[in-house]
Amino acid sequence: MEPTLRSGADRLAFQHSSQQLLRDLLSDCSVADFTLPDQPAEDFVPFKALWDTGATNSVITDQVVQQCNLIPSGKTFVYGVNGRHLADTYLITIQLQGLILFPSLRVTMGDFLGADVLVGMDIITHGDFFVTNQNGQTTFAFRVPSQGGLNFIASDHEQDE
């Protein structure tokens, strides 16, 4: 599952800024049943995505399953705050901000609050994910592929000089 650029998009990055501190990092996404990468835009259903660096894999709710008419591809055990349980798996294509496509993504169905898609480390590790909370305002950004890290230590030393 390599991310690709949506036809007509000019970049594989997006950024969200808020005028306040955020406890939940949310972005727009859309989901479609797994098909070929040239999937028409009208096949995608819009949802809100919650970004979670503590989640190993991405998760969708029953709402996504119903609205996208998804059929389970299998079952797997998942481990969460409530212990271990068996969950249905689905093969989907997820589109982030109308720009970045992740085709053939295997997700599980689960229950969580605040969004219908949980973006886990299976997606986040494909690029650079950045969060800052300067002056009481949260900004987060994501880009693929990774273009290198941020060096907070070098920045601190530059300010000391």
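**Figure 1. Gln 97, at 23% relative accessibility, counts as partly exposed.** Buried here means under 20% relative accessible area, exposed over 50%, and partly exposed in between (1.4 Å probe, protein chains only). The model is predicted: local features need pLDDT of at least 70, side-chain atom pairs count only at pLDDT 80 or more, and totals for chains, interfaces and linings use all residues. Residues are numbered from 1 along each chain as its sequence is written, and side-chain values use heavy atoms, with hydrogens and water left out. Gln 97 sits in the loop between E7 and E8. Helices (H or I, at least four residues) and strands (E, at least two) are DSSP runs, numbered from the N terminus. Phi of Gln 97 is near 55°, a positive value in a residue other than glycine.

**Figure 2. Asn 69 and Pro 145 show two backbone features in loops.** Most residues other than glycine have a negative phi, and most peptide bonds are trans. Asn 69 has a positive phi, near 55°. The loop between H1 and strand E6 (74–80) holds Asn 69. Asn 69 counts as exposed, at 61% relative accessibility. The peptide bond from Val 144 to Pro 145 is cis, with omega near -10°. Pro 145 lies in the loop between E11 and helix H3 (152–160).

**Figure 3. Ring pairs link Phe 14, Trp 51, Phe 129, Phe 140 and Phe 142 into a cluster.** Rings of Phe, Tyr and Trp (its six-membered ring) pair if their centres lie within 6.5 Å; planes under 30 degrees apart count as stacked, over 60 as edge-to-face and the rest as tilted. The structure holds six aromatic pairs. One of them joins Phe 14 and Phe 142: tilted, 6.3 Å centre to centre, with 55° between the planes. This pair links distant parts of the chain, Phe 14 in strand E2 (residues 13–17) and Phe 142 in strand E11 (residues 139–143), 128 residues apart. Phe 14 is buried at 7% relative accessible area, and Phe 142 is buried at 1%. The rings of Trp 51 and Phe 142 have centres 5.1 Å apart and planes at 55°, so this pair is tilted. Trp 51 is in strand E4 (residues 45–51), 91 residues from Phe 142.

**Figure 4. The largest nonpolar core has 29 residues.** Such a core is a set of buried Ala, Val, Leu, Ile, Met, Phe, Trp, Tyr and Cys residues joined through side-chain atoms within 4.5 Å. Trp 51, Ile 60, Ile 92, Ile 94, Leu 96, Val 117 and Phe 142 touch the most other members. Elements that each supply at least two residues include strand E3 (26–33), helix H1 (62–67) and strand E8 (100–109). Ile 94 has contacts (heavy atoms within 4.5 Å) that include Cys 29, Val 31, Phe 102 and Ile 123, not counting residues up to four places away in sequence. A second, separate core of six residues includes Leu 50, Val 59, Phe 112 and Leu 118.

**Figure 5. Leu 86 and Arg 84 meet neighbours that include Phe 77.** Leu 86 lies in strand E7 (residues 83–96) and is partly exposed, at 47% relative accessibility. Leu 86 touches Lys 75, Thr 76 and Phe 77, not counting residues up to four places away in sequence. Leu 86 and Thr 76 are 5.6 Å apart, C-alpha to C-alpha, and 10 residues apart in sequence. The charged end of Arg 84 sits over the ring of Phe 77, 3.6 Å from its centre. The criterion is NZ of Lys or CZ of Arg within 6 Å of the ring centre and within 35 degrees of the ring normal.
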